[in-house]
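Please read the points with the structure in view.

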Amino acid sequence: MPLQIIRGDITKLACDAIVNVANPSLLGGGGVDGAIHRAAGKELLLACEKLGGCRPGEAKITGGYRLPCQYVIHTVGPVWRGGNSGERETLTSCYREALRLAAEKGCRSVAFPLISSGSYGYPKEQALKVAEESITEFLRDSEMLVYIVVFDRDSFRISEKLFSDIASFIDDRYVEEHSFPRRKGAEERTQRQALFSKEEQEQDAADFAAAPAKESIAARPYTVGKRLDLPPSLEELLKKEDESFSQALLRKIDEKGMTDSECYKKANVDRKLFSKIRSDVHYHPSKPTAIAFAVALELSLDETKDLLMKAGFALSHSSKFDIIIEYFITNGNYNVFEINEALFAFDQVLLGV
Ligand code: ADP
């Protein structure tokens, strides 16, 4: 998954590179800068002294010294002055320049703190948006695993409105499912049985009508568990039933007129994993990966359920994760990163794993 939001302390991450948000002198400070210098040891300060400072929006690189990462990329974020002083452009440039340096050094994984969202005062929600947009822009043409590291609960916010909309959507469905479990289950079973027997009846009638008058029952065309000479629509249906997740995914990509890379990038799934799915017809993805593809393909809720079924999964109202996915699909919001922000806010696993 090329972009992930994780909670934790950036100094503990064994990525190829972590990003430090420094002040222009690069000689240490508070916040994440202080934490990185403390953990890396005084060699980092000595290396920084040789860099000759750094302007807002630029980035410079040093080793990681006693940190578990190989490199530290130092950048200077914009100070928030109300939003009309080029803050957004400078912040975008921090991400772009840091990623450019990481790519130059051949890094495969990089972790960012939420630049400028602490003492520099950039509103956290907007800081997160800029981070996501800049990183996604970079990932359009590059393969890298990029983390946004959120230090404390307070430094991560989705909008109050979205949060409360989702919370009430979850509440409604949780209540619906948990208040009348028996009755609902019983109703569903009866409905299913009714459907099943009607189909069976129709199928039997069709078979009967199609069978030569004097043919014995034993001679009628059966294979193990499946009938031959089915009416085209049912035959089509069974073909689809036999289709694996991988086959269904590739068919849907073609039907939507997408390229493979458009699809896996939109799904936030990395190229290697996609290649595995593509080359192994029986590949079993994790549920978040399967959903990520459904979202990238902008499938309806029913289509999503069909695709999930091929991977052996279902969506249920007894899981918050599932209900949040349902919320976004029914609202026609297929932005994987926005979905992930919401999943993160509700402490759920993210898409694209
Ligand atoms: P800035 O001056 O750019 O605002 P700060 O260091 O004050 O930088 O804060 C940037 C972000 O880094 C804040 O959201 C803060 O919560 C977060 N942060 C602070 N310490 C750590 C840490 N050890 N790991 C990850 N993030 C951190």
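**Salt bridges**

1. Glu243, Arg251, Glu255 and Lys310 are linked in a network of salt bridges, a salt bridge being a side-chain nitrogen of Lys or Arg within 4 Å of a carboxyl oxygen of Asp or Glu. By this rule the count comes to 19 salt bridges.

2. This is a predicted model, in which local features need pLDDT of at least 70 and side-chain atom pairs count only at pLDDT 80 or more, while totals for chains, interfaces and linings use all residues. Residues are numbered from 1 along each chain as its sequence is written, and side-chain values use heavy atoms, with hydrogens and water left out.

3. Glu243 is buried, at 14% relative accessibility, and Arg251 is partly exposed, at 23%. Buried means under 20% relative accessible area, exposed over 50%, and partly exposed in between (1.4 Å probe, protein chains only).

4. Lys161 pairs with Asp165, with 2.8 Å between the closest N and O atoms. Both residues lie in helix H5 (residues 160-179), 4 residues apart, about one turn of the helix. Helices (H or I, at least four residues) are DSSP runs, numbered from the N terminus. Lys161 is exposed, with a relative accessible area of 56%, whereas Asp165 is partly exposed at 28%.

5. Arg55 forms a salt bridge with Glu58, and their closest N and O atoms are 3.0 Å apart. Arg55 is exposed at 58% relative accessible area; Glu58 counts as partly exposed at 27%.

Note on methods: Helix = DSSP H or I, 4+ residues; strand = E, 2+ residues; numbered from the N terminus.
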